[in-house]
Amino acid sequence: MEIVGAYEAKTHLPRLLDRVARGESLIITRHGRPVAQLTPVATERELAEKAAGRIMERRKRLTRAPLAELMASVHEGHKY
């Protein structure tokens, strides 16, 4: 990821935006300290695909409880 000073970013913003539109990410600094990051905007489809991927990964790590245990937890605290 390239680092760009604030003055250069202000002076060459259209050129930097073209680079970001092509998929690059840039860090903007002020007096040598990072203050902002320019990154491409994700589409709704990309965001949904990432979320679905995270859900699938979490599902792989979950263990399944026996049905009797699930039913007991549903009725936990109920008086018969």
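Residues are numbered from 1 along each chain as its sequence is written, and side-chain values use heavy atoms, with hydrogens and water left out. Because the model is predicted, local features need pLDDT of at least 70 and side-chain atom pairs count only at pLDDT 80 or more, while totals for chains, interfaces and linings use all residues.

Start with the overall layout. The protein has four helices and three strands, counted as DSSP runs numbered from the N terminus (helices: H or I, at least four residues; strands: E, at least two). Read from the N terminus, the order is β-α-α-β-β-α-α. The radius of gyration, taken over C-alpha atoms, is 24 Å, well over the 12 Å that the globule rule gives for 80 residues, so the protein is more spread out than a compact globule. That rule is 2.2 Å times the number of residues to the power 0.38. Along the principal axes, the C-alpha atoms fill a box of roughly 75 × 25 × 20 Å. Buried residues come to 11% of the 80, where buried means under 20% relative accessible area, exposed over 50%, and partly exposed in between (1.4 Å probe, protein chains only). Contacts are heavy atoms within 4.5 Å; of those between residues at least 6 apart in sequence, 23% join residues at least 24 apart.

Now for the core. In soluble globular proteins, nonpolar side chains tend to be buried together. Here the largest nonpolar core has six residues: V4, A9, L16, V20, L26 and I28. Such a core is a set of buried Ala, Val, Leu, Ile, Met, Phe, Trp, Tyr and Cys residues joined through side-chain atoms within 4.5 Å. The elements giving two or more residues to this core are α2 (13-21) and β2 (26-30). Leaving aside residues up to four places away in sequence, L26 touches M1, E2, V4, L16, R19, V20, A36, Q37 and L38.

After α2 comes G23, with a positive phi near 110°.

On to the charged pairs. The count is five salt bridges, each a side-chain nitrogen of Lys or Arg within 4 Å of a carboxyl oxygen of Asp or Glu. One of them pairs E2 with R19 at 2.4 Å, N to O. This pair links distant parts of the chain, with E2 in strand β1 (residues 2-5) and R19 in helix α2, 17 residues apart. E2 is partly exposed at 36% relative accessibility, whereas R19 is buried at 13%. Another salt bridge joins E8 and R15 at 3.6 Å, N to O; E8 is partly exposed at 32%, and R15 is partly exposed at 38%. E49 and R45 also pair up, at 3.1 Å, N to O. These two are four residues apart in helix α3 (residues 44-61), separated by about one helical turn. Shared partners also join E2, R19 and E24 into one salt-bridge network.
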